[in-house]
Amino acid sequence: MIQLITQRSYGEFSSTLVEMHRLRHRIFKLRMGWDVQTSGDMEIDDFDALHPTYLMQLSDNGRVQGSVRLLPTLGPNMLRDTFPALLEGQTAPSTPLVWESSRFATDIPADAPKGAHSIALATYELFAGMVEFGISRQLTDIVTVTDVRMERILRRAGWPLRRVGSPSTIGNTLAVAGYLTISREVLFSLRKAGGLSTPVLWTPVIFTAA
């Protein structure tokens with residue numbers, strides 16, 4: 001199940017947010033060896049201070065298994081302010097129609113249920129939640145900086161990244177920036193591949209007229 005957490009609900013979900021930061025520490029610091037900001041056993045950076053929206057993928061017992069951070073491109077974001085070299089001279093998006101996703105992470109048991117193309121159902125839920133959120137905000141795209149491994153997963157899932165430029169080595173990661181289309185067609189495709197019959201967000205998504 002997916003939990004949508006906005007600035008208004010930070011207090012209500014404070015323990016969930018702490019668990020998310022611990023998840024990110026396990027994934028990005030310990031497992032992947034990224035040069036990230038940490039505080040104890042939590043990974044937390046300057047962009048977390050900008051009141052982002054978070055999507056959390058929760059297990060049946062409420063444990064945080066995955067998360068992603070979402071920020072509007074009208075303000076500071078990772079692509080524009082941390083990784084502008086990936087733009088290869090192009091202008092970073094700055095529009096209410098495009099938000100940025102970052103810190104996509106999952107920590108799922110190897111035997112967890114899987115959907116099409118051997119991708120975990122929890123991953124499909126997070127992808128679908130991102131698209132549902134985008135539709136509710138009338139977005140056209142989500143822009144992101146990711147690694148080529150996640151780019152391959154996105155392509156297999158049926159949500160291909162439209163690259164902004166060529167991949168570039170950042171630290172120990174081959175990173176790439178690109179856009180992910182937000183549309184009902186993409187949502188229906190992800191739901192089918194992940195075996196999702198209903199919306200994944202706890203907060204109902206209101207579908208606006210096309």
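A residue counts as buried when its relative accessible area is under 20%. By that rule, phenylalanine 127 and tryptophan 159 are both buried. The model discussed here is a predicted one.

Strand S1 covers residues 2-5. In a regular strand, side chains alternate between the two faces of the sheet.

S1 pairs with strand S4 (residues 53-58) in the antiparallel sense, over 4 bridges. Within S4, leucine 55 is the bridge partner of leucine 4.

In soluble globular proteins, nonpolar side chains tend to be buried together. The largest nonpolar core in this model has 34 residues, and those with the most contacts inside it are Leu55, Phe127, Met130, Val131, Trp159 and Leu190. Elements that give two or more residues to this core include strand S1, strand S6 (98-106), helix H3 (121-136) and helix H5 (184-194). Helix H3 gives the most, with 8 residues.

Another core lies apart from this one; it has 14 residues, among them Leu17, Met20, Phe28 and Tyr54. Phe28 also has a charged group over its ring: the charged end of arginine 103 sits there, 5.4 Å from the ring centre.

## Contacts of tryptophan 159

Neighbours within four places in sequence are left aside here. Tryptophan 159 is then in contact with Phe127, Met130, Val131, Leu154, Leu180, Thr181, Ile182, Val186 and Leu190.

## Aromatic pairs

The whole structure holds 5 aromatic pairs. One of them joins tryptophan 99 and phenylalanine 133, whose ring centres are 5.2 Å apart. Their planes stand at 70 degrees, and planes over 60 degrees apart count as edge-to-face, so this pair is edge-to-face. Because tryptophan 99 is in strand S6 and phenylalanine 133 in helix H3, the pair ties together parts that are 34 residues apart in sequence. Tryptophan 99 is buried, with a relative accessible area of 10%, and phenylalanine 133 is buried with 3%.

The rings of phenylalanine 127 and tryptophan 159 have centres 5.7 Å apart and planes at 70 degrees, so this pair is edge-to-face. Phenylalanine 127 belongs to helix H3, while tryptophan 159 is in the loop between H4 and strand S8 (162-163), so the pair ties together parts that are 32 residues apart in sequence. With Phe104, these two residues form one aromatic cluster.

Note on methods: Residues numbered from 1 in each chain as written. Predicted model: local features only at pLDDT ≥ 70, side-chain atom pairs only at ≥ 80, totals over all residues. Heavy atoms only, no water. Buried < 20%, exposed > 50% of the residue type's maximum accessible area, 1.4 Å probe, protein only. Pairing = 2+ DSSP bridges. Core = buried A, V, L, I, M, F, W, Y, C linked by side-chain atoms within 4.5 Å. Contact = heavy atoms within 4.5 Å. Phe/Tyr/Trp six-rings, centres within 6.5 Å; stacked < 30°, edge-to-face > 60°. Lys NZ or Arg CZ within 6 Å of the ring centre and 35° of its normal.
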